[in-house]
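Q: I would like to learn how to read strands, sheets and helix contacts in a model. Could we go through them one feature at a time?

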Amino acid sequence: MSTGTLTVAPTDAGTARRPGEVIELSAEWSLATPPRTLEARLFWFTRGKGTQDVNVVETQPVASLESSGKRRVRFKLPEAPYSFSGRLISLIWAVELVADDGASARWEFTLSPDGKEILLDRRMASAPRAR
Amino acid sequence: MRRARDNPFAVHRVLRERYRLTEPEWSALLARLDLLGGCGAIVGPHGSGKTTLLEDLGERLEALGWRIRFVRLNAEQRRLPDVSGWGSEDFVLCDGAEQLTFVDWQRLRFRAARAGGFVITTHRPGPLPELHRCETTPALLRGLAASLGEPLSAAESGALYARHAGDLRAALRELYDGWSRGVSR
């Protein structure tokens with residue numbers, strides 16, 4: 001894995017996103033060796049007790065053979081699945097900037113109709129949220 | 001109730017914990033592998049770290065220039081995948097060799113003979129010379145829990161270890177469940 005930095009962040013603040021929304025991100029990189037490919041991936045993955053699942057929804061090429069640079073990428077968010085958490089599993093959405101040698105950066109966000117993570121346990125949903 | 005993503009014993013966090021060997025122990029293991037002609041078995045019971053050690057060994061061998069061919073078998077995947085085309089530059093690592101039928105084991109062994117090396121994990125000794133025996137202790141369980149950010153007392157780790165007969169995977173699952181319920185130990 002080459003040394004250097006990669007960052008990916010939304011051009012507007014906040015992690016609450018809604019289905020069908022278009023998100024715009026700024027991808028920036030500075031690597032010791034130019035990556036053959038650098039791509040942005042919109043995906044979701046699971047965290048929890050069981051087997052980890054991951055699904056790449058869309059991939060966009062960002063650059064090729066450039067050791068440093070800055071680009072904007074846009075993704076239209078799908079209708080589902082929504083971000084959620086229970087005791088056994090959480091589903092998390094993210095955009096990842098990945099170079100072909102494995103170097104990567106990730107930005108996580110929440111996808112749901114009100115932009116909040118759906119909490120599967122009633123006690124959890126009714127608990128006051130930390131500010 | 002707490003979110004699965006925040007659970008310190010979630011699978012992605014547990015998988016970050018690697019097999020605990022010191023550098024001298026790694027050197028000794030690689031020397032023994034050399035002595036065995038690149039062919040051996042990692043032996044141990046359920047939840048003793050065989051797969052983790054095999055993965056870590058794969059990284060070490062890859063760094064030494066070997067091309068790693070990983071064959072993963074388990075209760076859901078018992079059939080031998082395509083094992084043709086291996087050559088002297090390949091090092092074959094087979095996790096869960098005891099899942100194979102006699103015929104598939106013979107096929108795998110025949111194909112792996114063309115490779116530069118062959119290491120398996122298995123619950124019982126026998127199929128290949130023993131390269132390493134994985135063993136667990138209550139202290140190891142305690143160390144893992146502490147590393148995951150949830151320290152256990154010696155008594156807690158001892159009792160947990162005994163409940164799961166030394167199967168650290170099962171013990172960590174119990175800790176996952178307890179944390180998700182907010183159970184104080």
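A: We can begin with a single pair of residues, bearing in mind that this is a predicted model.

Q: How many bridges join strand E3 of chain A to E6(A), and how do the two strands run?
A: Strand E3, residues 22–31 of chain A, is joined to E6(A) by nine bridges, and the two run antiparallel.

Q: In what order do the strands of this sheet lie?
A: The order is E1-E3-E6 in chain A, an open sheet of three strands with antiparallel pairing. Strand E1 (4–10) and strand E6 (68–76) of chain A each have a single partner strand and stand at the edges, so one side of each has no neighbour in the sheet. On average, and with direction ignored, neighbouring strands of this sheet are turned by 15° against each other.

Q: Which strands are joined to E8(A) by bridges?
A: Let us take them in turn. Strand E4 (residues 38–48) of chain A runs antiparallel to E8(A) and is joined to it by 11 bridges, and within this chain Arg47(A) has Ser90(A) of E8(A) as its bridge partner. Strand E7 (residues 84–85) of chain A, also antiparallel to E8(A), is joined to it by two bridges, with Phe84(A) standing opposite Leu91(A). Strand E9 (residues 104–111) of chain A is joined to E8(A) by six bridges, again antiparallel, and here Leu97(A) stands opposite Ala105(A).

Q: Where are hairpins formed with E8(A)?
A: E7(A) and E8(A) form a hairpin with three residues between them, while E8(A) and E9(A) form a hairpin with four residues between them, where Gly102(A) in the turn has a positive phi of about 105°.

Q: How do the axes of helices H2 and H3 of chain B cross?
A: Helix H2 (residues 23–35) and helix H3 (residues 50–63) of chain B have axes that come within 12 Å and cross at roughly 80°. Angles of 65 to 115 degrees count as roughly perpendicular, and H2(B) and H3(B) are therefore roughly perpendicular to each other. Among the residues making the contact are Trp26(B) and Leu30(B) of H2(B), and Leu57(B) and Arg60(B) of H3(B). The residues of this contact divide into seven nonpolar, three charged and no polar.

Definitions and conventions:
Residues numbered from 1 in each chain as written. Chains lettered and ligands numbered in written order. Predicted model: local features only at pLDDT ≥ 70, side-chain atom pairs only at ≥ 80, totals over all residues. Heavy atoms only, no water. Axes fitted to C-alpha atoms, helices over the stretch in contact; angles between N-to-C directions. Parallel < 35°, antiparallel > 145°, perpendicular 65-115°, else oblique. Contact = heavy atoms within 4.5 Å. Nonpolar A, V, L, I, M, F, W, Y, C, P; charged D, E, K, R; others polar. Pairing = 2+ DSSP bridges.
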